[in-house]
Amino acid sequence: MVLLKFHGGCQQIGMSCVEIETQERKILLDCGMSPDNNSIPKIDDKNIDAVIVSHAHLDHCGAIPFYKFKKIYCTHPTADLMYLTWKDTLNLTKSFKEEDIQIAMGSIETLNYYEEKKIDDNIKFKFYNAGHILGSASIYLEVDGKKILYTGDINEGPSRTLLPADTDIDDIDVLIIESTYGSPLDIKPSRKTLEKMLIEEISETIENRGKVIIPVFAIGRAQEILLIINNYMRCGKLKNVPIYTDGSLIHATSVYLSYANWLNPKIKNMIESGINPFGDIKKADEKLVFNKNEPCIIVSTSGMVQGGPILKYLRLLKDPKNKIILTGYQAEGTLGRDLEEGVKEIQPFKNKIPVRGNVVKIEFSAHGDYNSLVRYIKKIPKPEKAIVMHGERYQSLSFAMTIWKTLKIPTYVPVKGTILPI
């Protein structure tokens with residue numbers, strides 16, 4: 001019998017970690033850290049034979065350095081990006097040591113998409129493109145004859161940087177799928193609409209000779225935003241002003257440039273033609289940012305304005321000419337959520353800062369919305385059963401109902417601690 005154990009199930013913001021147990025082996029699919037409180041799954045690493053990582057976001061790989069896993073499998077770009085995620089986490093939380101990162105890096109074996117890997121005679125797996133961030137993968141396993149697809153985080157539509165998630169997939173017995181935007185209410189504007197909104201907001205501030213602050217997640221969001229801004233500047237649809245960057249997004253963007261073959265062909269061709277699609281990545285010079293009375297754009301981590309170099313640029317919000325554009329989800333309890341909800345004063349450091357500048361929310365997401373998820377389940381082979389996880393409880397339950405209505409198959413919504421035989 002094959003058992004699935006869910007160390008992270010359906011909750012508001014959780015970590016992804018699914019344990020597959022057979023008579024001979026125990027394997028983890030992801031081993032994430034919860035972004036809201038840094039909690040990690042309770043794992044006995046001595047009994048885990050391998051961890052297969054879908055991608056390099058904190059909630060999917062952040063807990064790995066806490067443990068001494070024998071083997072870690074991921075794609076080539078994911079290995080490089082995980083290192084940055086772990087270094088970021090170490091700098092912000094000090095919850096593990098540099099040597100723990102080095103031990104984890106030494107346990108990694110990297111694979112290409114579609115490359116089959118045998119763990120033993122009864123377990124093999126391969127990666128499909130998930131379309132989420134660079135190197136992100138859906139994990140397809142054959143375990144004791146059962147065919148399992150663990151989607152990880154998926155985006156069925158194309159983005160500026162990546163091709164859409166693969167849907168030409170081998171037969172599936174059990175589908176384990178994310179549900180971040182699993183409710184029929186979760187229908188997002190088109191990418192073109194979001195881009196137009198972003199450029200209009202930036203243009204308005206530049207025309208008023210103001211400065212635009214854009215907090216971003218280092219991996220994925222940062223590259224999309226930089227690519228959009230630079231593309232509009234090259235086309236002459238956005239005034240050419242300095243773009244300053246700060247934080248680990250600088251290193252993450254270098255990793256993107258190193259893996260041109262893994263990117264959208266248009267972007268790959270630009271890189272191979274000697275054009276940097278992300279623009280001239282300049283580390284912010286604080287003297288230029290704060291002392292010059294000239295418009296500019298500052299793109300920096302962290303995306304929820306909860307730490308990192310973005311905090312030092314918040315004093316620009318004293319000036320009503322300036323603007324902050326929130327480009328992603330802002331968790332409860334974060335400074336980003338406070339700004340989104342309209343606070344008039346913030347205190348990132350010792351002194352309070354009055355918020356006189358404009359606060360705008362334009363949510364770009366590397367996840368597919370509800371319509372995208374529905375298209376995905378219709379395109380892939382019909383599974384015998386489905387398991388919905390990695391979303392708020394309402395989203396997960398709602399998407400489980402959609403799968404039942406669409407595919408007429410048994411669908412489960414596990415909570416943390418659930419054990420399911422398959």
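**Ground rules**

I number residues from 1 along each chain as its sequence is written, and my side-chain values use heavy atoms, with hydrogens and water left out. Because the model is predicted, local features need pLDDT of at least 70 and side-chain atom pairs count only at pLDDT 80 or more, while totals for chains, interfaces and linings use all residues. I take helices (H or I, at least four residues) and strands (E, at least two) as DSSP runs, numbered from the N terminus.

**Entry 1**

I began with helix packing. Two packed helices are described by the angle between their axes and the distance between the axes. My axes are lines fitted to C-alpha atoms, for helices over the stretch in contact, and angles run from 0 to 180 degrees between N-to-C directions.

I looked up helix H4 (residues 191-207) and helix H5 (residues 221-234): their axes come within 11 Å and cross at roughly 70°. H4 and H5 are therefore roughly perpendicular to each other. The classes are: under 35 degrees roughly parallel, over 145 roughly antiparallel, 65 to 115 roughly perpendicular, the rest oblique. The crossing of H4 and H5 is right-handed. A crossing is right-handed if the near helix is turned clockwise from the far one by less than a right angle, and left-handed if anticlockwise.

Next I listed the contacts (heavy atoms within 4.5 Å). From H4 come Arg191, Glu195, Lys196, Leu198, Ile199 and Ile202; from H5 come Glu224, Ile225, Ile228, Ile229 and Tyr232. This contact has seven nonpolar residues, no polar ones and four charged. For the classes, Ala, Val, Leu, Ile, Met, Phe, Trp, Tyr, Cys and Pro are nonpolar; Asp, Glu, Lys and Arg are charged; the others, Gly among them, are polar.

**Entry 2: two further helix pairs**

I turned to helix H10 (residues 370-379) and helix H11 (residues 393-407). Their axes come within 11 Å and cross at roughly 40°. H10 and H11 are therefore oblique to each other. Their crossing is right-handed. H10 contributes Tyr370, Leu373, Val374, Ile377 and Lys378, and H11 contributes Phe399, Thr402, Ile403, Thr406 and Leu407. I sorted these into seven nonpolar, two polar and one charged.

Then I checked H2 and helix H6 (residues 249-258), whose axes come within 10 Å and cross at roughly 175°. H2 and H6 are therefore roughly antiparallel to each other. Pro77, Asp80, Leu81 and Leu84 of H2 touch His251, Ala252, Val255 and Tyr256 of H6. Six of these residues are nonpolar, one is polar and one is charged.

**Entry 3: pocket and cavities**

Points are joined across faces, edges and corners, and a volume is the space filled by probe spheres set on the points.

The second largest pocket has a volume of about 410 Å³. It has 16 lining residues, and Ser159, Arg160, Lys192, Glu195 and Lys266 are the closest to its centre. H4, H5 and helix H7 (265-272) each supply at least two lining residues. H5 gives the largest share, five residues. I count five nonpolar, four polar and seven charged residues in this lining.

I found three cavities of 30 Å³ or more. The largest cavity has a volume of about 90 Å³. Of its 14 lining residues, His132, Arg191, Gly220, Glu224 and Ala366 lie nearest its centre. The lining holds five nonpolar, six polar and three charged residues.

The second largest cavity has a volume of about 40 Å³. Its lining includes Ser16, His60, Tyr150, Glu178 and Met389. Strand E11 (residues 174-178) gives the largest share, three residues.

**Entry 4: backbone**

Most residues other than glycine have a negative phi, and most peptide bonds are trans. I noted a cis peptide bond between Thr301 and Ser302, with omega about 10°. Ser302 sits in the loop between strand E15 (296-300) and strand E16 (323-326). I also noted Lys94, a residue other than glycine with a positive phi, near 55°. Lys94 is in the loop between helix H2 (76-93) and helix H3 (98-106).

Note on methods. On a 1 Å grid over the protein atoms alone, a cavity is a set of points where a 1.4 Å probe fits but cannot get out, and a pocket is an open set with protein on both sides within 12 Å along at least five of seven lines; lining residues have an atom within 4 Å of a point.
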